[in-house]
Amino acid sequence: MSKIIGIDLGTTNSCAAIVEANGQVKLIPYKGGEFIIPSIFAIDDKGNELIGHEAKRQWQLNPRNTIYAAKRLIGRSFHTDVVGQMKKSVAYEMKAGERNDVVLDVAHKNFRLSEISAKILNKIRVVAQDYLGEKVTRAVVTVPAYFTDRQRQAVKDAGKMIQLEVVRIINEPPRRPSRTASARTFTRRR
């Protein structure tokens with residue numbers, strides 16, 4: 001049975017971790033010693049699919065065919081305020097899918113959000129497999145606490161597309177306020 005990796009599928013960046021035999025959690029490194037992989041998918045002018053750092057480099061050159069912040073859209077209905085706001089702030093094209101979901105047009109190819117997430121999950125899995133030296137078929141994935149059942153199911157569907165069993169979806173821990181914000185709160189209370 002393969003090891004279960006932990007994946008933080010982030011809006012901006014993603015990463016993976018493994019629990020070692022001694023119980024310590026270890027982030028899985030990527031090329032050059034970095035631990036994060038940008039949650040970005042792009043298709044370059046030659047038709048090559050790029051994911052992570054390679055896709056991030058395309059962002060400046062080819063914003064129309066570079067998908068970022070896809071996690072905000074996954075599992076959402078096309079006619080929602082969030083999708084409407086995103087349409088105003090991104091260069092890529094969104095349209096309504098057959099299931100009232102969001103479909104993205106990248107280099108004149110249609111992609112559902114779960115397909116984009118599958119590609120990002122697969123990149124993370126490949127990085128983990130290279131590091132571990134073994135095949136990875138199971139993962140625990142973190143999602144925001146506000147994710148609906150439909151959004152959580154879309155993440156599981158993304159895993160199925162690449163034969164990655166999402167054994168559990170857990171809520172991301174709440175963001176801690178910055179020290180400055182904490183200091184302001186403390187000062188106001190006094």
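The chain exposes about 11200 Å², and carbon and sulfur atoms supply 50% of this area; accessible areas come from the Shrake-Rupley method with a 1.4 Å probe, and for residues only the protein chains shown count as cover. The model is a predicted one, in which local features need pLDDT of at least 70 and side-chain atom pairs count only at pLDDT 80 or more, while totals for chains, interfaces and linings use all residues. Residues are numbered from 1 along each chain as its sequence is written, and side-chain values use heavy atoms, with hydrogens and water left out.

The chain has 5 helices and 12 strands, these being DSSP runs numbered from the N terminus (helices: H or I, at least four residues; strands: E, at least two). The radius of gyration, taken over C-alpha atoms, is 18 Å, close to the 16 Å that the globule rule gives for 190 residues, so the chain is as compact as a globular protein of that length. The globule rule is 2.2 Å times the number of residues to the power 0.38. Along its principal axes, the C-alpha trace spans about 55 × 50 × 35 Å.

Of the 190 residues, 45% count as buried, that is, under 20% relative accessible area, whereas exposed means over 50% and partly exposed lies in between (1.4 Å probe, protein chains only). Contacts (heavy atoms within 4.5 Å) also describe the fold: among those between residues at least 6 apart in sequence, 55% join residues at least 24 apart.

The aromatic rings come next. Rings of Phe, Tyr and Trp (its six-membered ring) pair if their centres lie within 6.5 Å; planes under 30 degrees apart count as stacked, over 60 as edge-to-face and the rest as tilted. By this rule there are 4 aromatic pairs. One of them joins Phe41 and Phe111 edge-to-face, at 5.3 Å centre to centre and 65° between the planes. Phe41 lies in strand S5 and Phe111 in strand S10 (residues 109–112), so this pair ties together parts that are 70 residues apart in sequence. Both Phe41 and Phe111 are buried. Tyr146 and Phe147 also form an edge-to-face pair, with 5.8 Å centre to centre and 70° between the planes. Here Tyr146 counts as exposed at 53% relative accessibility, whereas Phe147 is buried, with a relative accessible area of 5%. Trp59, Tyr68 and Tyr92 form one aromatic cluster.
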